[in-house]
Amino acid sequence: MTRWGMVVDTDRCTGCEACVVACAEENNVQTVGEEEAKKGRAMHWLRIERAVEGTFPEVSVKFRPVMCQQCGEAPCEPVCPVYATYHTDEGLNAMVYSRCVGTRFCANNCPYTVRTFNWFDPEFPEPLDRQLNPDVSVRVDGVMEKCTFCVQRIKEGQRTAKGEDRDVEDGDIQPACASACAAQVFTFGDLEDPESKAAKLSKSPRARHLLADLGTLPGVIYLEDQEWNPGTDVS
Amino acid sequence: MPCNRCHTGVERGPVAGLPPVSLCVRCHKRFIPEHPEIVKLVEMYESGEPIRWRKINAMPPAAAVQFHHAAHIKAAVACETCHGDVSNMTLAVRVVNTADMGWCVDCHVENEASIDCLTCHH
Amino acid sequence: MKRRTFLKTSALAAGASLLQSCAEDEQYLVQPLERQPGRPGVSRWLNSVCGQCQAGCGTRIRIVDGDARKIEGQPDHPINHGGLCALGQAGLQDHYNPDRVRTPLTRSGSRGSAGPLEELAWHDGLAQAARAIAAASPESLYVVSGGRSAYVDALLARLTQALGAAPPAIGQVPGAETERAALARILGPGRALPAYDIAAADYVLSIGPAFLDRGHQPVQGTWAMAQVRSATAGRRGKLVQAEARMSQTAAFADEWLPIRPGTEGVLARAIAGALAEGGLLREGSQAALYSQLFPAAAPSIEEAAATCDVPAPTIARLAAELGRADRPLVLAGGSAALTRNGEFSTLAALAINLLLAGFDREGGVSVSEPAAGYDFRDLGEIEAGARSGGTYVVVEADPVHTRPEGRGWREALSAAESVIVLGSFIDETALYADVLLPLHSDIERFGAVEASGIARPTVSLARSAVAPLYDTRHPGEIVLALGAALDQRDALPWDSFDAAAQAAFDARYDDGTGGAWSQALDGGAFQAERAEAVLPEKLAAFDGPEPPASTADGELTLVLFESAKYGDGRGANKPWLQELPDTMTTFMWSSWAEISVADSQTQGIRTGDLVEIRSAQGKITVPAAVRPGARPGTVAVPLGGGYTDYGRYAAERGENPLALVGAETVAGTTAAALVGTGVSLRRVGPGDPAIYGRGLRDAEQIPTGWASMAKGGDH
Amino acid sequence: MTNDLQERENRLVGRLSLDRFRPGLVVGAGLTGLVALVFFYAWGIQLRDGIGVAGINRPVFWGVYITTFVFWIGISHAGTLISAILRVTGAEWRRPVTRCAEAITLFALSVGGLFPILHMGRAWKVYFMLPIPNSRGLWPNFRSPLMWDAAAITAYIVGSFLYLSLPLIPDMAILRDRSKGWRRRVFGLFALGWQGSAQQWRSLESGIKVMAVVIIPLAVSVHTIVSWDFAMTQVPMWTSTIFGPYFVVGAIYSGIAMLMIAMALLRWGMDLGDYLSDKVFNNLGLLFCAMTLAWGYFTFAEHLTVWYANEVAEARVLWSRFTGKWAGPFWTMVIVNFVIPICVLPFRWGRKPLPTALVSLGVLVGMWLERFLIIVPSLELPRLAYTLGDYTPSSIELMVLIGSVGLFAFFYFAFTMNVPIISVWEVREGWEHENSHSGAAAAAAAPQTDARTPEPAGGGS
């Protein structure tokens, strides 16, 4: 069996946000414009959270990329009335755009607030539409979307391996964020394969889940020295 | 004539693709060059305008389907299964309602292909 | 977004929308006339060179059905090692930008406005440009380049030389001129920049440069810091950042010293003094050279602490840590090079490496030689000279936007005899163009970039990855064509840019076989051996101004910086970058002013409020970002806002803080002093900026329960 | 005796005056109908341009629409539940109240039921939520509280419709027998061939009794399930075990408030003071007062536990209600929902029509705010504080809210115009009971009245 997972080493994250742009570029994530952004409707599938602790001059900052955590026990899944979001055999928290009716219940129940919603149809002024990734469907208004672990790349990797009559090897598949990152913050792989780099890193004593006490069993594992206190990490 | 003679992408990629107009013209200069449609084709070629074909088997964009031709060819699905017997059509028509997901699912179930939603929808 | 018009009746609207959602959209397939490269629907990855800044990262472009879909870093590229920055990732929105100039344009109205621009055939455009250049006297021909490709600049240099004009002025990373001057005081006259082997260092003290935000090599810096922090490399290295503003680099650093701007040199001198006095010198330490450079006694730690506003024990500890580290490294320049006394600050920081035996060793300082054999000057040299009339040729640069208001570019270009702009967008300089010659995008052009700020000379090379979208040309080809039109065939004998680039490349790097060029072209990059930094026997004492620039009482110090997403402003026309929340403030679609908590309280300013910043030169009104990490007494504003034009995504967004900066230069150079302008701050009223996670603006108002209320509120 | 009853019935039917042109009702229906058009206009705009015309955003994915949905579903508890409880407990004063209460239920449900569809991003795909066998082989997800909602509301709407229409049959027959021409045919159609035979009375009575017993658990379950839309999640301050009863109490509370207003308006506008008497207001006012206390208790318990436990994410929400940006609406809610009712309703003067109606108006506002304050502050303050939100309703949302009030009122006016808003036969039955009781007392003879099977004399004519 396969369980796709990602290990995120926050110690290396410089907050450069190249991953955020790479994600939008790979996944046809629309830009909504200033007025919509003001309403909190920016669509990023991935965000760099930063926590500022202390007061001047003893101020310290941490960065943390947060995307869909691909939970093993995902709170978003049971609440969808139409199975538009569900769990795949490979541990992905799938999102089927064409099935979504837009109740937005999943987004409410996501403790990580990583789901974004298409409030309007996307606009790609010509010729920006020519950049769109043909392997990823452009979402229409009224449907939910979120990080897919670049499922199109997973499918492509699996198809290639199948074409060559071999198994997918560790490192074959890289989501867009991982391949953009100069600091190698992200390690993507099969957590069930004990030999994979991701699985090995996930055994690190620094490994922890985000909001672990909610029991969501995320597929994203953070390497950080101590968990941020969610009550004081705003500034 | 086998379909993949012109639709060369079909074994290697997601879409079958169209041959360049120059290729159509090269053969058709020898075969039925006087056919009115062929005359039209040659005229368009010479005018230097790429030809816009209306898609017959089109998925609505909102369906968010990613169909991969090569994967189906590799699984030995005949072109006719979805496209019908195009060789006997003068004008290509839609024979199967490919926008009907049930049709796809039935075939997947029969052939023990994956019916996980993400197989097609992403 | 659509503006709702309340004209249609609801029933009609509802019905129409239902029908619309039921109707199947017609879709079309376009059959090409001739065979296209690649298979339909199958992606090809072709190498290219990122041109979003001067760093020269190698990219690979995913092409499906003839269109570029994705940019990634070349995995084995010696500069970026597979990574890219946000600006580089957004390069495709340069290529596909809806506001790109698609044909040559000529002006029929007055300069300085978007006024009527007429389309022009290339032949006529080149002819008009050549006529203007031919009509100009050599003394009044000003060639300005954005410095994106040394090989294009080399052609410009050849052209100006042949015409008897001054060499082209090359726009550079802020601080570069000062860093070069400081290095020249150690290694002797030359045009080399210091280059740092960060990846191999185990202790990095950065006095000034926000080298992860932008700077000479942001992606390589990021990669290098990952190596420094890599658990697999044994002990985790440490980064200490001394910088007035809390940049992303400062935030990433293990320790941040929020130093008083302009006093970086004093800190560096004090550390050097502590190293020498504390017996922390090592084998190979060049203490003698250091004391020749700075014969005066170093300030004591206590004096420095008072001057710099950094605790004395911290300074002592830093010296001790530097002294004990295996491969310590001190980075100089950056923001420290942008104050009036920037040369002193940069030199003092750079010179610590003498005491650390840091020159020419692993994890140390070496030199980045300037690109192959051509002469250039700094933009400031043009600005410093008397200009009247004149003919300007501007290549991929926007001096009107990116140079301080006090440098007089608007006036100069308005009064110019003619202005020829080679660019892809109608930016602020292009508003003054008589002829605008549009350029290929990065991925359309033959890429040849010689990296700066890197120890081993590195050339990134790539062929054109995609066919041009519009009637554009390679800037190098345009220079060659202008050369031909001006009868300068002898100076520019090549038929194509790649031939010219190859000639320049071979002249410098070829071993006679000619193989290096083609190998680099296929592989994406060429890397030569490291140039040795030979220390001289004796150094002249530094005679530049030392005292920190001080601002008047009650004034705040303005700190301008290049943000990771806008750079010097070139990122502002890309919707991905505009909508990218700035990591530190989460502002989108706007510029902002970073204000300390203390300063905000005296005026009752809250994040999002509009504040007016006023200097002797001008004023701007921007939304405030109250930051716990902002140093009291400073106001930091990113560059790249307030374009009057530059396409729909950039125009009229935020404000350009360079309007506040006058003609001040870094003493001893012609570089603009972007840090240290005295400004006053006034709250104008509430604003409505786009802030990601908008509640964050009210973070200080979020109640956290009785436990923290008892503690007096913790946020 | 029979003549006397007939006289009184004539007077009541006259007051209801279904055969006359009543300008008040017509103007009311017209005006509220116009307001109702605003609802459809705004919805049309939303369908055309996208759900983004609402003010909802990330992370506040639910706002005015869901608030108003819960509000109307709450209102719907007025009627059927109250009337069923009163019927089951045999409260005599219920007789003039039941019909106008049950109508509230049906229309509030109809309006409220539109909101889940209206708030969907793709309302035209609502059939995905129906368990219809389809070629895709896809089925709705019955693990989702939204599906429970759909099922519960559908059951409740069917049950309420039956419960309203059953007792309507004899009244339709009364109207049929009193009218001529086409009206007679129409009323005859709805009277379903009612002849008033003993057999028919027995069937009707048992039908009503069964429905009254069935509808009570159904109503309780509906609002419990609505509360589970929230309580089943991990959202701070939504995860609460008392949400079920809390919502049910709130629903009955707001339902009574709506009923009070409707009764006061009917009494004033149609001169029904003899039937919707002070005694009715007084008794209902006592129930209202009891609900005030119950609602206050639940609200107190809900906030006390969160405050005391002081869990970080929940405390943030709590304090944003107590002292933060939502303090204004929160304390308004406390005042209109608790302080004012508790100062008015315990007193006899306070349970007169006008005071109760005014109090009720406040309670309606307060209960809407209660739902809003449950939904919005929690969503604005998610666990990962980096994505803090901010919500202001858009004009479209407000138009839908106001329009829905108009739509509800329009239904109610239209109903009042065409159907006896007071159940004639039930009231008459009450008079018969009174008479038989007083008659028995006067005769002091062996009690022989059989109150169990009321037999309307005269066969309804």
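Which helix of chain D holds Leu31(D)? Leu31(D) sits in α2, the helix that covers residues 23-49 of chain D. Before I go on, please keep in mind that this is a predicted model.

Let me stay with Leu31(D) for a moment. Is this residue buried or exposed? Leu31(D) is exposed, and its relative accessible area is 53%. Leu31(D) also belongs to a nonpolar patch on the surface, together with Val27(D), Leu34(D), Leu37(D) and Phe40(D). Taken together, these residues have about 490 Å² of accessible area.

Next, chain A and chain C. On the chain A side, 62 residues are in contact with chain C, and on the chain C side 72 residues are in contact with chain A. The size of an interface is often given as the accessible area lost when the parts come together. Here the area buried between chain A and chain C is about 5800 Å². Carbon and sulfur atoms give 57% of that area. Within what chain A buries against chain C, Glu25(A), Phe56(A) and Arg130(A) supply 11%, which is more than any other three residues.

How many salt bridges does the rule find across this interface of chain A and chain C? There are eight. One salt bridge between the two chains is made by the side chains of Glu34(A) and Arg653(C), at 2.6 Å from N to O.

Phe56(A) comes up again in the backbone. The peptide bond that leads from Phe56(A) to Pro57(A) is cis, with omega near 0°. Pro57(A) lies in the loop that runs between β2 (47-53) and β3 (60-66) of chain A. A cis peptide bond also joins Glu126(A) to Pro127(A), where omega is about 0°. Pro127(A) is in the loop between β6 (116-117) and β7 (144-145) of chain A.

Two further residues of chain A deserve a look for their phi angles. Phe149(A) is not a glycine, yet its phi is positive, at about 60°. Phe149(A) is in the loop between β7 and α5 (151-163) of chain A. Asp165(A), also a residue other than glycine, has a positive phi near 50°. Asp165(A) is in the loop between α5 and α6 (176-180) of chain A.

Now a sheet in chain A. Four strands make up an open sheet with mixed pairing, and their order is β8-β1-β10-β9.

Last, one residue in chain C. Asn353(C) lies in helix α13, which spans residues 342-355 of chain C. Asn353(C) is buried, with a relative accessible area of 0%. Which residues does Asn353(C) touch, not counting those up to four places away in sequence? They are Leu329(C), Val330(C), Gly358(C), Phe359(C) and Val365(C).

How values were computed. Residues numbered from 1 in each chain as written. Chains lettered and ligands numbered in written order. Predicted model: local features only at pLDDT ≥ 70, side-chain atom pairs only at ≥ 80, totals over all residues. Heavy atoms only, no water. Patch = residues over 30% accessible without salt bridge, like charges linked within 9 Å, V, L, I, M, F, W, Y side chains within 5 Å. Areas by Shrake-Rupley, 256 points an atom, 1.4 Å probe, with all protein chains shown as cover. Salt bridge = Lys/Arg side-chain N within 4 Å of Asp/Glu carboxyl O. Helix = DSSP H or I, 4+ residues; strand = E, 2+ residues; numbered from the N terminus. Buried < 20%, exposed > 50% of the residue type's maximum accessible area, 1.4 Å probe, protein only. Pairing = 2+ DSSP bridges. Contact = heavy atoms within 4.5 Å. Buried area = accessible area lost by both parts, 1.4 Å probe.
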